[in-house]
Amino acid sequence: MTDTIILGQYVPSDSVIHRLDPRTKLLLLIAFTMGSMHLQAPSGYIAATLLTGGQVLLSRIPLRMLLRALRPILFILLLPMLYHLLLNQEGLRNELFALWRILLLVSLALILTLTTKPLDLAKGLEQLCKPLTRLGVPVEALALTVMLAIRFIPTITQELDRILVAQQARGYDIKDTKGLNRIQAYIQLVIPLLVTTLARAEQLAMTIEARAYGNGKGRTSYRVLKYARMDYAAGGIMLAYVLLGILLER
């Protein structure tokens with residue numbers, strides 16, 4: 001079960017997507033999200049799918065890994081489509097397009113986390129939100145929080161694996177349960193998982209405080225982010241996609 005949770009993991013590689021500036025990847029994701037919200041024509045969805053597929057190929061991320069990560073999300077999204085199929089077939093077409101759009105957005109979000117180190121992602125987010133400091137927004141603390149939240153996802157899955165292995169060592173295997181008993185067994189995992197997660201979070205907070213990190217304001221960085229030609233080229237491709245989407249919708 002925990003093998004399907006890919007969000008927050010980083011796959012090292014030397015692909016074009018890996019070498020892009022984290023700010024560029026964040027901006028591309030935002031632009032793609034905003035452009036995809038207005039998709040209605042099938043041609044627009046095809047263009048968005050081609051763009052997403054191109055990024056998957058350029059990132060060199062195994063397709064099997066992405067499909068494994070999308071499996072639980074697909075299961076949740078198929079439930080409303082099943083409702084429309086049985087009770088309201090008129091809304092089935094809209095539901096299919098909505099499912100298509102969400103899968104594309106989730107795929108790009110997965111590519112972002114799989115090709116970007118958490119520290120680089122936090123640094124890019126901090127740089128993009130820098131103008132908000134004039135409004136009193138704690139940008140450094142916000143970027144650190146986002147980075148830790150993403151980084152904690154694999155840690156939580158490891159804790160869940162440890163709890164499942166401990167149960168199997170005591171002669172109890174959750175896979176042997178069926179129906180409502182399995183659902184109840186999964187619910188019972190929440191309490192020990194929450195306790196261990198809070199303990200790790202408290203330990204992390206003490207570590208940050210012991211190193212006098214504070215709110216991170218005014219700190220310098222060893223690695224300075226700089227835009228390269230590939231970043232401008234990627235921005236041009238995304239701009240062309242947005243313009244093409246507007247033309248196709250018209």
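The following paragraphs lead through the structure, from its overall fold to single residues.

The structure is a predicted model. Its chain contains 10 helices and 0 strands, and, read from the N terminus on, the elements run α-α-α-α-α-α-α-α-α-α. Of the 250 residues in the chain, 36% count as buried. Contacts within the chain can also be sorted by how far apart the partners stand in sequence. Among the contacts with a separation of 6 or more, 80% are made by residues 24 or more positions apart.

Helix 2 spans residues 22-36 and helix 5 spans residues 92-115; their axes come within 11 Å and cross at roughly 180°. An angle over 145 degrees counts as roughly antiparallel, and helix 2 is therefore roughly antiparallel to helix 5. On the side of helix 2, the residues that take part in the contact are Lys 25, Leu 26, Leu 29, Phe 32, Thr 33 and Ser 36. They meet Arg 101, Leu 104, Leu 105, Leu 108, Ala 109, Leu 112 and Thr 115 of helix 5. Sorted by class, this contact of helix 2 with helix 5 has 8 nonpolar, 3 polar and 2 charged residues.

Aromatic rings form another set of relations. A search of the whole structure finds 5 aromatic pairs. Ring pairs join Tyr 45, Phe 97 and Trp 100 into a cluster.

Ile 163 belongs to helix 7, which covers residues 139-169. Is Ile 163 buried or exposed? Its relative accessibility is 10%, and because buried means under 20%, Ile 163 counts as buried. Leaving aside residues up to four places away in sequence, Ile 163 touches Leu 189, Pro 192 and Leu 193. Two of these partners can be described by C-alpha distances. Leu 189 stands 26 residues from Ile 163 along the chain, and the C-alpha atoms of the two are separated by 7.9 Å. Pro 192 stands 29 residues from Ile 163 in sequence, with 7.8 Å between their C-alpha atoms. Pro 192 is found in helix 9, residues 190-210. With a relative accessible area of 32%, Pro 192 is partly exposed.

Asp 120 is a charged residue, and its place is in helix 6, residues 118-128. Its relative accessibility of 17% lies under the 20% limit, so Asp 120 counts as buried. Which residues does Asp 120 touch, not counting those up to four places away in sequence? The residues are Pro 22 and Arg 223.

Arg 60 is placed between helix 3 (42-59) and helix 4 (63-87). Arg 60 has a positive phi of about 60°, although it is not a glycine. At 59% relative accessibility, Arg 60 counts as exposed, because the limit for that class is over 50%.

Notes
Residues are numbered from 1 along each chain as its sequence is written. This is a predicted model: local features need pLDDT of at least 70, side-chain atom pairs count only at pLDDT 80 or more; totals for chains, interfaces and linings use all residues. Side-chain values use heavy atoms; hydrogens and water are left out. Rings of Phe, Tyr and Trp (its six-membered ring) pair if their centres lie within 6.5 Å; planes under 30 degrees apart count as stacked, over 60 as edge-to-face and the rest as tilted. Axes are lines fitted to C-alpha atoms, for helices over the stretch in contact, and angles run from 0 to 180 degrees between N-to-C directions. Helices (H or I, at least four residues) and strands (E, at least two) are DSSP runs, numbered from the N terminus. Angles under 35 degrees count as roughly parallel, over 145 as roughly antiparallel, 65 to 115 as roughly perpendicular and the rest as oblique. Contact means heavy atoms within 4.5 Å. Buried means under 20% relative accessible area, exposed over 50%, partly exposed in between (1.4 Å probe, protein chains only).
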